Amino acid sequence: MIPLFRALRTRFGPEMRLTVVTRTNLGQMLKMMDFVDDYASADDRQHTLWFAPPDGRKPNSTPAWANCNLLLSAVSSGRD
């Protein structure tokens with residue numbers, strides 16, 4: 001993942017904010033080591049509801065990271 005983070009920063013410049021959605025402990029470590037600017041927990045209820053089938057015509061939740069310009073998923077089952 002770290003080579004990917006470096007490549008993204010090179011491509012989009014230092015003003016790009018990099019947030020990773022992962023398990024809490026991995027996200028904390030990546031942020032402490034300055035590989036990412038922020039992290040969101042994949043165990044958070046908002047995150048889980050985002051990937052659940054909608055209950056109507058709008059998403060069940062909209063986590064803050066969902067409004068990003070580029071989303072890379074490394075934990076997808078392929079059905080997302």
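Colleague: Start with Pro59. What is its relative accessibility, and how does that count?
Modeller: At 42% relative accessibility, Pro59 counts as partly exposed. The class runs between 20% and 50%, so Pro59 at 42% falls inside it. Note that this is a predicted model.

Colleague: Where does Pro59 sit, and how far is it from Leu49 in space?
Modeller: Pro59 belongs to the segment after helix 3.

Colleague: How far can I trust the coordinates? What is the average pLDDT?
Modeller: First, the general idea. Where pLDDT is low, the predicted coordinates should not be read in detail. Now this case. The average pLDDT is 81, and 89% of the residues score at least 70.

Colleague: Which elements have the lowest and the highest mean pLDDT?
Modeller: Helix 3, residues 45-50, has the lowest mean at 76. Helix 1 has the highest, at 91.

Colleague: Now the fold. How many helices and strands are there, and in what order do they run?
Modeller: Three helices and two strands. From the N terminus the order is α-β-α-β-α.

Colleague: What share of the protein is buried?
Modeller: Of the 80 residues, 24% are buried. The cut-off is under 20% relative accessible area.

Colleague: On to charges. How many salt bridges does the structure hold?
Modeller: The idea is simple. Side chains of opposite charge can pair when their charged atoms come close. Here the count is two salt bridges.

Colleague: Take Arg9. Which residue does its side chain meet, and at what distance?
Modeller: Arg9 meets Asp37 in a salt bridge, at 3.2 Å from N to O. Arg9 lies in helix 1 (residues 2-12), and Asp37 lies in the loop between helix 2 (24-32) and strand 2 (38-41), so the pair ties together parts that are 28 residues apart in sequence.

Colleague: How accessible are Arg9 and Asp37?
Modeller: Arg9 is partly exposed, with a relative accessible area of 23%. Asp37 is also partly exposed, at 24%.

Colleague: Which residue pairs with Lys31, and how far apart are the closest N and O atoms?
Modeller: Asp38 is the partner of Lys31, and their closest N and O atoms are 3.7 Å apart. The limit is 4 Å, so the pair qualifies. Lys31 is partly exposed at 36% relative accessibility. Asp38 is partly exposed too, with 29%.

Colleague: Next, nonpolar surface. Which residues make the nonpolar patch, and what is its area?
Modeller: Met29, Met32 and Met33 make it, and the area is about 350 Å². Look at Met32, which is found in helix 2. Is that residue buried or exposed? Met32 is exposed, with a relative accessible area of 69%.

Colleague: What about rings? How many aromatic pairs are there?
Modeller: In general, a pair of aromatic rings is described by the distance of the centres and the angle of the planes. There is nothing of that kind to describe here: the count is zero aromatic pairs.

Colleague: Which residue lies over the face of Phe12?
Modeller: Arg11 does, at 5.0 Å from the ring centre. The distance limit for a charge over a ring is 6 Å, so 5.0 Å is within reach of the rule.

Colleague: Backbone next. What is phi of Asp34?
Modeller: Most residues other than glycine have a negative phi, and most peptide bonds are trans. Asp34 has a positive phi, near 65°. The residue is in the loop between helix 2 and strand 2. Asp34 is exposed, with a relative accessible area of 65%.

Colleague: Last, spacing along the chain against spacing in the model. How far apart are Gln28 and Ala40?
Modeller: Twelve residues in sequence, and 9.2 Å in space from C-alpha to C-alpha. Gln28 is in helix 2. Its relative accessible area of 38% makes Gln28 partly exposed.

Colleague: And what separates the C-alpha atoms of Asp44 and Thr22?
Modeller: They are separated by 10.0 Å, while the residues are 22 apart along the chain. Asp44 lies in the loop between strand 2 and helix 3. At 37% relative accessibility, Asp44 counts as partly exposed.

How values were computed: Residues are numbered from 1 along each chain as its sequence is written. Side-chain values use heavy atoms; hydrogens and water are left out. Helices (H or I, at least four residues) and strands (E, at least two) are DSSP runs, numbered from the N terminus. Buried means under 20% relative accessible area, exposed over 50%, partly exposed in between (1.4 Å probe, protein chains only). Patches are made of residues with over 30% relative accessible area and no salt bridge: like charges are joined within 9 Å, nonpolar side chains (Val, Leu, Ile, Met, Phe, Trp, Tyr) within 5 Å. Accessible areas come from the Shrake-Rupley method with a 1.4 Å probe; for residues, only the protein chains shown count as cover. pLDDT is the predictor's confidence in each residue, from 0 to 100. Rings of Phe, Tyr and Trp (its six-membered ring) pair if their centres lie within 6.5 Å; planes under 30 degrees apart count as stacked, over 60 as edge-to-face and the rest as tilted. A charge sits over a ring if NZ of Lys or CZ of Arg is within 6 Å of the ring centre and within 35 degrees of the ring normal.
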